Amino acid sequence: MSRETNEELYVPYKKENGERRGWAKFAAEHGAPPLINLVYTALITFGAAVVLTLILILTGLRLVNDRENGISYLGWIGRGGEPVLGILNGEWVAGGTVNDDGATYVGQMKDLKYHGNGTLTFADGTVYSGQFENGVYSGFGKLVYADGSKYEGSFKNGKFNGPGTLTYADGASYSGSFENGEFHGNGVMIYRDGAKYEGSFKNGARDTGKYTWPTGESIDGVFDNNLPSPGNMDFMSYTDADGKTYYVVIRDGLILKRLSYVPQR
(Lines give C-alpha, C1' and ligand atoms only; values in the text may rest on other atoms or scores of the structure.)
Protein backbone atom coordinates (compact mmCIF):
# COMPACT_ATOMS: atom_id res chain seq x y z
CA MET A 1 0.00 0.00 0.00
CA SER A 2 1.45 3.35 -0.96
CA ARG A 3 1.36 6.79 0.54
CA GLU A 4 -0.70 7.99 -2.43
CA THR A 5 -3.49 5.48 -1.83
CA ASN A 6 -3.84 5.81 1.95
CA GLU A 7 -2.46 9.06 3.32
CA GLU A 8 -4.07 8.69 6.73
CA LEU A 9 -1.74 5.84 7.71
CA TYR A 10 1.17 8.30 7.83
CA VAL A 11 -0.32 10.94 10.04
CA PRO A 12 2.22 11.40 12.88
CA TYR A 13 1.26 11.20 16.59
CA LYS A 14 0.49 14.60 17.97
CA LYS A 15 0.91 15.35 21.69
CA GLU A 16 -2.12 17.03 23.09
CA ASN A 17 -1.54 20.19 25.06
CA GLY A 18 -0.89 19.38 28.76
CA GLU A 19 -0.37 15.66 28.19
CA ARG A 20 2.49 14.15 30.28
CA ARG A 21 4.90 11.49 29.14
CA GLY A 22 7.81 9.45 30.59
CA TRP A 23 8.82 10.11 34.23
CA ALA A 24 6.37 13.02 34.50
CA LYS A 25 3.51 10.71 33.60
CA PHE A 26 4.77 7.98 35.99
CA ALA A 27 5.21 10.53 38.79
CA ALA A 28 1.73 11.92 38.26
CA GLU A 29 0.16 8.48 38.29
CA HIS A 30 2.10 7.11 41.30
CA GLY A 31 2.77 10.18 43.39
CA ALA A 32 6.57 10.08 42.85
CA PRO A 33 8.64 13.29 43.16
CA PRO A 34 9.79 15.13 40.05
CA LEU A 35 12.93 13.81 38.37
CA ILE A 36 14.87 16.97 39.09
CA ASN A 37 14.19 16.52 42.80
CA LEU A 38 15.56 12.96 42.69
CA VAL A 39 18.70 14.18 40.94
CA TYR A 40 19.20 16.89 43.58
CA THR A 41 18.66 14.35 46.38
CA ALA A 42 21.14 11.90 44.85
CA LEU A 43 23.77 14.61 44.45
CA ILE A 44 23.29 15.83 48.02
CA THR A 45 23.46 12.26 49.41
CA PHE A 46 26.61 11.49 47.43
CA GLY A 47 28.23 14.73 48.52
CA ALA A 48 27.33 14.10 52.15
CA ALA A 49 28.78 10.57 51.92
CA VAL A 50 32.03 11.94 50.47
CA VAL A 51 32.28 14.62 53.15
CA LEU A 52 31.50 12.10 55.94
CA THR A 53 34.12 9.70 54.59
CA LEU A 54 36.72 12.47 54.50
CA ILE A 55 35.83 13.50 58.05
CA LEU A 56 36.14 9.90 59.27
CA ILE A 57 39.50 9.48 57.54
CA LEU A 58 40.82 12.82 58.83
CA THR A 59 39.75 11.95 62.39
CA GLY A 60 41.75 8.71 62.25
CA LEU A 61 39.43 6.00 60.92
CA ARG A 62 41.48 3.25 59.32
CA LEU A 63 41.06 -0.17 57.78
CA VAL A 64 44.15 -2.30 58.32
CA ASN A 65 44.58 -5.83 57.01
CA ASP A 66 48.10 -7.05 57.81
CA ARG A 67 48.01 -10.74 56.86
CA GLU A 68 51.71 -11.28 57.57
CA ASN A 69 51.27 -10.36 61.24
CA GLY A 70 47.68 -11.60 61.54
CA ILE A 71 46.22 -8.14 62.19
CA SER A 72 42.81 -7.02 61.00
CA TYR A 73 41.47 -3.72 62.31
CA LEU A 74 38.67 -1.29 61.49
CA GLY A 75 38.43 1.79 63.64
CA TRP A 76 40.20 4.89 64.85
CA ILE A 77 43.94 5.03 65.47
CA GLY A 78 45.53 7.52 67.85
CA ARG A 79 48.57 9.68 67.19
CA GLY A 80 50.84 7.13 68.82
CA GLY A 81 49.57 4.36 66.54
CA GLU A 82 47.35 2.82 69.20
CA PRO A 83 43.75 1.77 68.46
CA VAL A 84 41.24 4.09 70.14
CA LEU A 85 37.89 2.62 69.13
CA GLY A 86 37.21 -0.17 66.68
CA ILE A 87 37.40 -3.90 66.02
CA LEU A 88 40.78 -5.65 66.18
CA ASN A 89 40.88 -9.30 65.06
CA GLY A 90 37.17 -9.62 65.73
CA GLU A 91 37.33 -8.10 69.23
CA TRP A 92 36.34 -4.63 70.38
CA VAL A 93 38.99 -2.09 71.23
CA ALA A 94 37.79 0.77 73.44
CA GLY A 95 39.82 3.39 75.28
CA GLY A 96 43.13 1.65 74.55
CA THR A 97 41.97 -1.68 76.03
CA VAL A 98 42.41 -4.63 73.67
CA ASN A 99 40.67 -7.96 74.18
CA ASP A 100 42.11 -10.79 72.13
CA ASP A 101 41.65 -14.56 72.62
CA GLY A 102 40.66 -14.09 76.26
CA ALA A 103 43.63 -11.83 77.04
CA THR A 104 43.36 -8.14 77.89
CA TYR A 105 45.99 -5.53 77.06
CA VAL A 106 46.11 -1.97 78.34
CA GLY A 107 48.95 0.26 77.22
CA GLN A 108 50.87 1.76 74.34
CA MET A 109 50.76 0.36 70.83
CA LYS A 110 52.39 0.99 67.46
CA ASP A 111 51.09 -0.26 64.13
CA LEU A 112 48.42 -2.13 66.13
CA LYS A 113 51.04 -4.18 68.01
CA TYR A 114 51.98 -3.94 71.67
CA HIS A 115 54.80 -1.40 71.78
CA GLY A 116 55.99 0.66 74.72
CA ASN A 117 54.74 0.25 78.27
CA GLY A 118 51.69 -1.86 78.99
CA THR A 119 50.02 -4.65 80.94
CA LEU A 120 48.90 -7.93 79.38
CA THR A 121 46.57 -10.17 81.40
CA PHE A 122 45.92 -13.70 80.13
CA ALA A 123 42.78 -15.75 80.63
CA ASP A 124 44.51 -18.08 83.14
CA GLY A 125 45.54 -15.14 85.35
CA THR A 126 49.13 -14.78 84.15
CA VAL A 127 50.10 -11.09 84.03
CA TYR A 128 52.96 -9.32 82.30
CA SER A 129 53.63 -5.69 83.09
CA GLY A 130 56.47 -3.82 81.46
CA GLN A 131 57.94 -2.96 78.10
CA PHE A 132 56.96 -4.35 74.70
CA GLU A 133 58.51 -4.09 71.27
CA ASN A 134 56.63 -5.03 68.12
CA GLY A 135 54.18 -7.20 70.03
CA VAL A 136 56.58 -9.13 72.30
CA TYR A 137 58.16 -8.63 75.73
CA SER A 138 61.32 -6.58 75.27
CA GLY A 139 63.12 -4.42 77.82
CA PHE A 140 62.41 -4.49 81.54
CA GLY A 141 59.28 -6.16 82.86
CA LYS A 142 57.63 -8.39 85.42
CA LEU A 143 55.88 -11.65 84.57
CA VAL A 144 53.72 -13.31 87.22
CA TYR A 145 52.41 -16.77 86.34
CA ALA A 146 49.09 -18.25 87.40
CA ASP A 147 50.85 -20.75 89.71
CA GLY A 148 52.54 -17.93 91.67
CA SER A 149 56.01 -18.18 90.16
CA LYS A 150 57.38 -14.92 88.77
CA TYR A 151 60.20 -13.33 86.83
CA GLU A 152 61.41 -9.77 87.10
CA GLY A 153 64.16 -8.47 84.89
CA SER A 154 65.21 -7.98 81.31
CA PHE A 155 63.50 -9.44 78.22
CA LYS A 156 64.45 -9.69 74.57
CA ASN A 157 62.24 -11.03 71.79
CA GLY A 158 59.80 -12.38 74.36
CA LYS A 159 62.39 -14.34 76.38
CA PHE A 160 64.33 -13.78 79.59
CA ASN A 161 67.54 -12.11 78.48
CA GLY A 162 70.06 -10.20 80.59
CA PRO A 163 69.92 -9.69 84.36
CA GLY A 164 66.84 -10.92 86.20
CA THR A 165 65.35 -12.91 89.07
CA LEU A 166 63.15 -15.97 88.63
CA THR A 167 61.22 -17.20 91.67
CA TYR A 168 59.42 -20.54 91.50
CA ALA A 169 56.16 -21.42 93.22
CA ASP A 170 57.93 -24.06 95.35
CA GLY A 171 60.30 -21.43 96.81
CA ALA A 172 63.35 -22.06 94.61
CA SER A 173 64.89 -19.02 92.97
CA TYR A 174 67.55 -17.92 90.52
CA SER A 175 69.12 -14.49 90.37
CA GLY A 176 71.64 -13.69 87.68
CA SER A 177 72.13 -13.60 83.94
CA PHE A 178 69.85 -15.10 81.29
CA GLU A 179 70.21 -15.69 77.57
CA ASN A 180 67.35 -16.75 75.28
CA GLY A 181 65.25 -17.78 78.27
CA GLU A 182 67.93 -19.93 79.97
CA PHE A 183 70.38 -19.42 82.82
CA HIS A 184 73.57 -18.26 81.15
CA GLY A 185 76.45 -16.41 82.76
CA ASN A 186 76.98 -15.73 86.44
CA GLY A 187 74.19 -16.32 88.92
CA VAL A 188 72.97 -17.77 92.19
CA MET A 189 70.49 -20.64 92.34
CA ILE A 190 68.75 -21.49 95.61
CA TYR A 191 66.93 -24.82 95.51
CA ARG A 192 63.73 -25.70 97.33
CA ASP A 193 65.58 -27.97 99.80
CA GLY A 194 67.90 -25.09 100.79
CA ALA A 195 70.88 -26.11 98.66
CA LYS A 196 72.66 -23.33 96.79
CA TYR A 197 74.83 -22.97 93.72
CA GLU A 198 76.99 -19.89 93.05
CA GLY A 199 78.91 -19.56 89.84
CA SER A 200 78.51 -19.62 86.10
CA PHE A 201 75.83 -21.30 84.02
CA LYS A 202 75.89 -22.35 80.39
CA ASN A 203 72.74 -23.07 78.38
CA GLY A 204 70.70 -23.56 81.54
CA ALA A 205 73.11 -25.88 83.35
CA ARG A 206 75.75 -25.41 86.06
CA ASP A 207 79.17 -24.76 84.54
CA THR A 208 81.87 -23.63 86.98
CA GLY A 209 81.12 -22.71 90.58
CA LYS A 210 80.34 -23.84 94.09
CA TYR A 211 77.45 -26.08 95.14
CA THR A 212 76.50 -26.11 98.84
CA TRP A 213 74.23 -28.76 100.37
CA PRO A 214 71.72 -27.93 103.15
CA THR A 215 74.07 -29.75 105.57
CA GLY A 216 76.78 -27.17 104.93
CA GLU A 217 78.92 -29.44 102.77
CA SER A 218 80.09 -27.93 99.50
CA ILE A 219 81.98 -28.80 96.34
CA ASP A 220 83.80 -26.31 94.18
CA GLY A 221 84.94 -26.66 90.59
CA VAL A 222 83.69 -27.69 87.16
CA PHE A 223 80.26 -29.20 86.49
CA ASP A 224 79.11 -31.25 83.54
CA ASN A 225 75.39 -31.75 82.85
CA ASN A 226 74.77 -30.22 86.30
CA LEU A 227 76.96 -32.88 88.04
CA PRO A 228 80.37 -32.34 89.67
CA SER A 229 83.10 -33.12 87.16
CA PRO A 230 86.90 -33.10 87.39
CA GLY A 231 87.14 -31.45 83.99
CA ASN A 232 90.84 -31.34 83.06
CA MET A 233 91.77 -32.21 86.66
CA ASP A 234 91.46 -35.50 88.52
CA PHE A 235 89.96 -33.91 91.61
CA MET A 236 87.71 -31.16 92.97
CA SER A 237 87.66 -29.13 96.15
CA TYR A 238 85.25 -30.47 98.79
CA THR A 239 84.38 -28.92 102.17
CA ASP A 240 82.65 -31.00 104.82
CA ALA A 241 80.07 -29.89 107.38
CA ASP A 242 82.81 -29.04 109.88
CA GLY A 243 84.44 -26.64 107.45
CA LYS A 244 87.39 -28.90 106.57
CA THR A 245 88.40 -28.82 102.91
CA TYR A 246 89.74 -31.79 100.90
CA TYR A 247 90.73 -32.61 97.37
CA VAL A 248 88.45 -35.42 96.22
CA VAL A 249 88.29 -37.74 93.25
CA ILE A 250 85.07 -37.40 91.21
CA ARG A 251 83.61 -39.94 88.81
CA ASP A 252 80.14 -39.67 87.25
CA GLY A 253 79.24 -36.94 89.71
CA LEU A 254 80.15 -39.03 92.77
CA ILE A 255 82.93 -38.53 95.31
CA LEU A 256 85.07 -41.67 95.20
CA LYS A 257 87.73 -40.77 97.75
CA ARG A 258 89.52 -37.95 99.49
CA LEU A 259 93.06 -37.28 98.36
CA SER A 260 94.30 -34.79 100.90
CA TYR A 261 93.24 -32.27 103.49
CA VAL A 262 93.66 -28.57 102.65
CA PRO A 263 94.09 -26.51 105.82
CA GLN A 264 92.19 -23.23 105.98
CA ARG A 265 94.33 -20.10 106.18
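Strands here are DSSP runs of E, at least two residues in length, numbered from the N terminus. On that numbering, N180 sits in the loop between β12 (173–179) and β13 (182–190). The model is predicted. It holds two helices and 20 strands.

**Overall figures**

- The protein has 265 residues, and 28% of them are buried.
- Its accessible surface comes to about 17,300 Å². Carbon and sulfur atoms account for 53% of that area.
- Consider contacts between residues at least 6 apart in sequence: 7% of these join residues at least 24 apart.
- A search of the whole structure turns up one salt bridge.

**Asparagines with positive phi in loops**

- N180 has a phi near 50 degrees, a positive value in a residue other than glycine.
- The relative accessible area of N180 is 52%. The cut-off for exposed is over 50%, so N180 counts as exposed.
- N157 lies in the loop between β10 (150–156) and β11 (159–167).
- N157 has 58% relative accessibility and is therefore exposed.

- G158 belongs to the loop between β10 and β11.
- At 31% relative accessibility, G158 is partly exposed.
- Not counting residues up to four places away in sequence, G158 touches V136 and Y137.
- The C-alpha atoms of G158 and G139 are separated by 9.3 Å. These two glycines are 19 residues apart along the chain.
- S138 is part of strand β9 (residues 136–144).
- S138 has 14% relative accessibility. Buried means under 20%, so S138 counts as buried.
- Beyond four places in sequence, S138 touches Y128, Q131, F132, E133, F155, K156 and N157. N157, one of these partners, is itself exposed.

**T212 at the end of β15**

- T212 is found in strand β15, which spans residues 205–212.
- Its relative accessible area is 19%, so T212 is buried.
- T212 touches A195, K196, E217 and S218, leaving aside residues up to four places away in sequence.

**Strand pairing around β16**

- β15 and β16 (residues 218–224) run antiparallel, joined by five bridges.
- G209 has G221 in β16 as its bridge partner.
- β15 and β16 form a hairpin with five residues between them. In the turn, G216 has a positive phi of about 100 degrees.
- β16 also pairs with β17 (residues 227–229), again antiparallel, through three bridges.
- D224 stands opposite L227 in β17.
- The hairpin of β16 and β17 has two residues between the strands. N225 in that turn has a positive phi of about 55 degrees.
- Three bridges join β16 to β18 (residues 235–239), and these two strands run antiparallel.
- I219 stands opposite Y238 in β18.
- In a regular strand the side chains alternate between the two faces of the sheet.

**The salt bridge**

- The side chains of K196 and E198 meet in a salt bridge, with 3.6 Å from N to O.
- Side chains of opposite charge can pair when their charged atoms come close.
- K196 has 30% relative accessibility, so K196 is partly exposed.
- E198 is partly exposed as well, at 36% relative accessibility.
- K196 is also among the residues that T212 touches. K196 therefore links two topics of this briefing: a salt bridge with E198 and a contact with the buried T212.

Methods. Residues numbered from 1 in each chain as written. Predicted model: local features only at pLDDT ≥ 70, side-chain atom pairs only at ≥ 80, totals over all residues. Heavy atoms only, no water. Helix = DSSP H or I, 4+ residues; strand = E, 2+ residues; numbered from the N terminus. Buried < 20%, exposed > 50% of the residue type's maximum accessible area, 1.4 Å probe, protein only. Contact = heavy atoms within 4.5 Å. Pairing = 2+ DSSP bridges. Areas by Shrake-Rupley, 256 points an atom, 1.4 Å probe, with all protein chains shown as cover. Salt bridge = Lys/Arg side-chain N within 4 Å of Asp/Glu carboxyl O.
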